[in-house]
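Thanks for coming, everyone. Let me put the model up, and then we will walk through it.

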Amino acid sequence: HRASLCKARSGYQMLNPISERIAARIEGALGPRGLVEGEAVAPHAPYGVPASQALHMARPSSTAEVAHVLRICAEERIGVVPLGGATGFVGGTRAPQGTLLLSMARMNTIRAIEPANGCIEVEAGCLLANAQAAAMDASMSLSLSFGAEGSAQIGGALATNAGGFRALRFGSARDICLGIEAVTSDGAIWNGLRKVRKDNTGYDLKHLLIGSEGTLAVICAAVLRLDPKPVQRICAVVALQSEGVTIGLLRQLQGAGAVVSAFELFGEGGLALALEDGSAMAPVNVDAAAHALIEIDADAGSRSLLEATLAKALESGIISDAVVAQSEAQRARFWQLREATTDGIGRAGWIASADVSVPLGELAAYLSDIREGLKQEAGAARFIAYGHAGDGNLHLNLLPAKGETPEQAPVGLDARFYRLCYSQAMRRSGSFSAEHGIGRTKMSALAHYLDPVELALMKSVKHALDPLGIMNPGVIID
Ligand code: MLT
Ligand code: ZN
């Protein structure tokens, strides 16, 4: 019985599977609503990520209960997989057989909203969309936003350092986090719920846990920064002369004084893919080489500033068409187009999907190098590059030729695609893992591309904070 379980072994003692006795211990700690058993625990698996294999899911209702569960797991050598909304792309919540899923869904309270302090305190299981709405009600803005915000939880967003649409102006999840409450791998509660912008109290352990994908500790609550609500958000969709003019246009807008909060690229074929399901109309000429969605946080004069800058860009030929949303409803439709690109990729199924970032000045050359490299490789497969170009983060997707499935792609094409995208990003001082994390799917890339000293330091950190290797075994560091 003891010998089965997880592959998370190297350097660590073997983990045990959950026996009936251990399940009873967990249930004793959490009550009957606190433990779910059997097939029901497998969380849905978005975008083709295989579902979890765990047969036990703990559902604590307080930080004290999380601590209790972690103490049991440490004593019994049980692997623990913290679970938020399961909206990630890298299999970080795909729990191996015999491990315990630790769902934070019951811990969803907004503990306090403090406009005077410019912050909100929320439990980890609170949906990002609910925290945003609470901020709005208090005439403030929570500046983290991404497609899955309706089902993603704050704890997961922090654990993966989610990025999204406004990172260009406000940074990723870590940049809006002022404090956290967490439970360590041996079940101690750390109260780090500070509410200040400046805090140089030794090592920044909060930032160590943010982005650690549940491999070091469990984030149970957080204080997030609130920003003043913009008077207005003005959104435009433009048709670009080529992918190569993207960053030039961004710089023109910024140079004119526009506070650009989002700048999303639809590379060649991206807008057409978004429109494929027929539910939306193209606001501009869909046959243009590429498109961008631009949003600015606006005051009274901003609309004319945006329009004047786009008029100049039209004159110079770097864009061929532009439509500025005239209503909130039209703005929402523009954003739906952006999200429809991601949906289109899910619908088509992908052969490979990379999430890279490159320095802004290199973005055009990077894309053209990838296209060049693919000429020899990709055959009829479709290459769609899109995403958060304004902060240098692109989602690069290789889709099967129309009418084909990913399984029909030439053998090894996915590996060759990843090699091309990753090595070109690294060569340009970029990242092969921009906003989706390492999870289970990018561990071999981590071993291959990461500086060996950096990897050794990461292993030391893992060993120091999780000496038994029970935290999300098999993720980031095996
Ligand atoms: C997005 O920006 O829509 C998401 O990160 C998903 C993706 O990889 O396409
Ligand atoms: Zn993204």
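First, a word on terms. Two strands pair if DSSP finds at least two bridges between them. Helices (H or I, at least four residues) and strands (E, at least two) are DSSP runs, numbered from the N terminus. This is a predicted model, where local features need pLDDT of at least 70, side-chain atom pairs count only at pLDDT 80 or more, and totals for chains, interfaces and linings use all residues. Residues are numbered from 1 along each chain as its sequence is written, while chains are lettered from A and ligands numbered from 1 in the order in which they are written.

Now the layout. Domain bounds here come from an automatic or database domain assignment. That assignment gives domain 1 (20–104), domain 2 (110–228), domain 3 (231–344) and domain 4 (349–434).

Let's start with the sheet of seven. Its 7 strands run in the order β15-β12-β14-β13-β17-β18-β16. The sheet is open, and the pairing is antiparallel. Which strands stand at the edges? They are β15 (319–324) and β16 (352–357). Each has a single partner strand, so one side of each is left without a neighbour in the sheet. From one strand to the next, the twist averages 15 degrees. Angles run from 0 to 180 degrees between N-to-C directions, and axes are lines fitted to C-alpha atoms, for helices over the stretch in contact.

Take β12 next. β12 pairs with β14 in the antiparallel sense, over 9 bridges. There, Ile-234 stands opposite Ile-296 of β14. β12 also pairs with β15, again antiparallel, over 5 bridges. Ala-239 has Asp-321 in β15 as its bridge partner. Is β12 mostly covered or mostly open? Mostly covered: 7 of its 9 residues are buried. Buried means that 20 or more other C-beta atoms lie within 10 Å of the residue's own; exposed means 12 or fewer, and partly exposed is in between, with C-beta atoms placed from the backbone.

On to β13. 2 bridges join β13 to β17 (residues 382–387), and these strands run antiparallel. Leu-265 has Gly-387 of β17 as its bridge partner.

A helix lies over this sheet. Helix α10 (residues 328–348) lies across β12 (232–240), β13, β14 (290–298), β17 and β18 (393–399). Its direction is at about 55 degrees to β12. Ile-345 lies in this helix, α10. Ile-345 counts as buried because it has 20 C-beta neighbours inside 10 Å. What does Ile-345 touch, not counting residues up to four places away in sequence? The answer is Trp-350, Ile-384, Asn-397 and Leu-399. Contact means C-beta atoms, placed from the backbone, within 7 Å. Ile-345 and Leu-399 are 54 residues apart along the chain, yet their C-alpha atoms are separated by 7.4 Å.

Now the two domains side by side. The C-alpha centres of domain 3 and domain 4 lie 23 Å apart. 16 residues of domain 3 are in contact with 13 residues of domain 4. On the domain 3 side, the elements giving two or more residues are α7 (246–255), β13 (260–266) and α8 (270–275). β13 gives the largest share, 6 residues. That side divides into 8 nonpolar, 6 polar and 2 charged residues. Ala, Val, Leu, Ile, Met, Phe, Trp, Tyr, Cys and Pro count as nonpolar, Asp, Glu, Lys and Arg as charged, and the others, Gly among them, as polar.

Next, the ligand. Phe-89, Gly-147, Thr-342, Asp-355, Gly-387 and His-395 surround ligand 1. A residue is near a molecule if its C-beta atom, placed from the backbone, lies within 6 Å of it. This shell has 1 nonpolar, 4 polar and 1 charged residue.

β3 and β4 (residues 100–103) pair in the parallel sense over 4 bridges.

Last, two loop residues. Arg-77 sits in the loop between α2 (63–76) and β3 (80–83). Its phi is near 60 degrees, a positive value in a residue other than glycine. Ser-139, in the loop between α3 (128–137) and β7 (140–141), also has a positive phi, of about 60 degrees. Arg-77 counts as partly exposed, with 18 C-beta neighbours inside 10 Å. Ser-139 is exposed, with 10 other C-beta atoms within 10 Å.

Notes:
Two residues are in contact if their C-beta atoms, placed from the backbone, lie within 7 Å.
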